[in-house]
Amino acid sequence: MPNSPFTPGVAAARLPADTLAENFGDLHPPLEPHEAAVAADRCYFCYDAPCITACPTSIDIPLFIRQIATGTPEAAAQTIFDQNILGGMCARVCPTETLCEEACVREAAEGKPVEIGRLQRFATDTVMDAGVHPYARAAATGKTVAVVGAGPAGLACAHRLAMKGHDVTVYDGRAKPGGLNEFGIASYKTVDGFAQAEVEWLLQIGGITTEYGQRLGHEITLDGLREAHDAVFLGVGLGGVNALRADGEETGNVLDAVDFISDLRQAGDLSSLPVGRNVVVIGGGMTAVDAAVQSKLLGAENVTIVYRRGRERMSASVYEQDLAASKGVRIVTNAQPKVVIGNGSVREMEFEYTADGPDGLAGTGETFRVPADQVFRAIGQRLEGAPEGLALKGGKIKVDADGATSIPGVWAGGDCATGGDDLTVTAVAEGRDAAEAIHAALA
Ligand SMILES: Cc1cc2nc3c(=O)[nH]c(=O)nc-3n(C[C@H](O)[C@H](O)[C@H](O)COP(=O)(O)OP(=O)(O)OC[C@H]3O[C@@H](n4cnc5c(N)ncnc54)[C@H](O)[C@@H]3O)c2cc1C
Ligand code: SF4
């Protein structure tokens with residue numbers, strides 16, 4: 001008998017292949033040209049537009065929407081790429097509901113913002129699908145820069161430096177570029193191998209050499225890179241995962257949510273990916289929601305997110321929480337993990353309710369259990385293996401407003417560095433701005 005959502009334990013192929021293909025299809029299908037024209041028409045082209053201020057890369061949103069409205073999506077794409085070379089990915093993955101679209105005056109007036117994200121995708125896809133790379137390099141400067149990490153921060157930095165005429169070598173510990181665009185973001189946000197296609201398109205600028213399988217602290221060192229290059233940019237993200245601090249954490253099938261998501265993103269055949277009948281995800285951010293929703297889409301019967309604080313404190317947006325609920329994920333709040341129960345493999349999780357008290361969040365002593373064949377930890381990532389001598393702050397590489405670290409000639413940005421939110425678009429902004437600062441320093 002084939003497997004189904006009711007098959008006990010952890011099993012692959014709980015759903016037929018065509019259902020899986022449908023489940024993991026594009027979350028927001030692209031706009032057709034006439035739909036884009038209608039969506040663009042809703043923009044008031046505000047003076048001092050709040051949507052621009054809300055965008056971490058400060059894209060001139062009313063300008064690109066006007067360019068779409070006047071039938072020049074190529075010009076719209078250029079407006080976007082000038083600020084954000086990963087505008088194609090950001091159009092797919094940005095939590096627009098807490099950024100530009102939340103700030104849109106039509107959201108305030110009518111509760112229905114201009115569809116900025118989907119319009120951005122319409123413009124960027126037009127240019128990328130045509131295989132056009134609209135930038136050329138400046139005259140060669142003779143300077144070389146090492147970029148460590150081929151995630152959004154590193155790629156944005158490398159592209160801007162290459163445009164300025166510097167020769168860039170991008171080193172990454174993995175065998176493929178893209179960082180979390182390739183290994184982390186939920187499948188249904190970036191379908192059809194878009195992450196790799198975008199990197200290939202970005203590299204068309206020229207002047208960027210890529211070296212994969214090169215880990216900082218192993219095959220390469222910061223001292224070596226400083227000697228070999230005129231400047232170094234670190235965009236290594238957050239490779240470590242926080243521990244649950246629950247008894248029995250080492251029990252089988254208690255896994256890191258990011259590893260599960262990475263396996264899913266790399267799986268050639270989704271039917272080969274095992275998932276529990278009862279899945280419990282611990283955490284309250286995007287990673288928790290992504291692991292939970294994708295477990296459900298793979299065919300888990302019961303998926304429960306458990307978060308230690310109230311719903312309003314979850315870092316997953318209301319939109320993401322609603323997405324999870326719409327897929328049948330249950331969200332339990334104000335509960336913290338106590339004990340992983342199981343002999344060899346997890347069978348149940350015990351949680352304790354929590355409440356805010358004078359000394360912060362504390363357990364109330366009241367407990368409950370949730371059946372679990374698979375438990376995913378999604379309680380935050382941390383920086384791993386920072387090179388010695390780099391000043392850290394709050395567990396991240398300490399940088400100034402330009403991304404400069406405590407070591408001369410070394411800049412950092414993206415998730416690994418202090419600064420804005422851990423989002424793709426913020427990483428792009430920080431990589432781009434560090435490139436401008438490096439260029440100024442090398443002049
Ligand atoms: C599961 C998940 C889902 C997410 N979903 C979204 C979303 O929907 N929208 C959104 O905006 N953001 C999302 N984020 C956050 C977003 O992915 C990150 O903020 C963004 O990728 C950070 O970019 P980065 O370049 O700083 O780091 P990363 O994307 O992590 O890239 C770092 C790169 O450095 C490499 N590297 C690491 N250590 C070394 C080393 N020692 N030597 C050499 N190379 C190294 C890695 O292989 C990787 O390629 C999500 C994150 C996760 C974990
Ligand atoms: S705030 Fe909304 S209506 Fe105003 S310019 Fe931005 S997208 Fe257009």
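The points below cover an arginine, a helix pair and a ligand site.

1. A word on the basis: this is a predicted model, where local features need pLDDT of at least 70, side-chain atom pairs count only at pLDDT 80 or more, and totals for chains, interfaces and linings use all residues. Residues are numbered from 1 along each chain as its sequence is written, chains are lettered from A and ligands numbered from 1 in the order in which they are written, and side-chain values use heavy atoms, with hydrogens and water left out.

2. Have a look at arginine 42, in the loop between α2 (33-41) and α3 (50-54); helices here are DSSP runs of H or I, at least four residues, numbered from the N terminus. Arginine 42 is buried, at 17% relative accessible area (buried means under 20%, with a 1.4 Å probe and protein chains only). Beyond its neighbours within four places in sequence, arginine 42 contacts Arg106, Glu110, Lys112, Pro113 and Val114 (contact: heavy atoms within 4.5 Å). A polar atom of the arginine 42 side chain sits 2.9 Å from the backbone oxygen of lysine 112.

3. Next, helices α5 (residues 73-83) and α9 (residues 116-129) pack at about 105°, their axes 8 Å apart. The two are therefore roughly perpendicular (65 to 115 degrees).

4. Finally, ligand 1 is surrounded by 34 residues, with Val93, Asp172, Lys189, Leu216 and Asp415 the closest (a heavy atom within 4 Å). An N or O atom in the lysine 189 side chain is 2.7 Å from an oxygen atom of ligand 1.

Terms used:
Buried < 20%, exposed > 50% of the residue type's maximum accessible area, 1.4 Å probe, protein only. Polar contact = N/O pair within 3.5 Å; in protein donor to acceptor, adjacent residues only side chain to side chain. Axes fitted to C-alpha atoms, helices over the stretch in contact; angles between N-to-C directions. Parallel < 35°, antiparallel > 145°, perpendicular 65-115°, else oblique.
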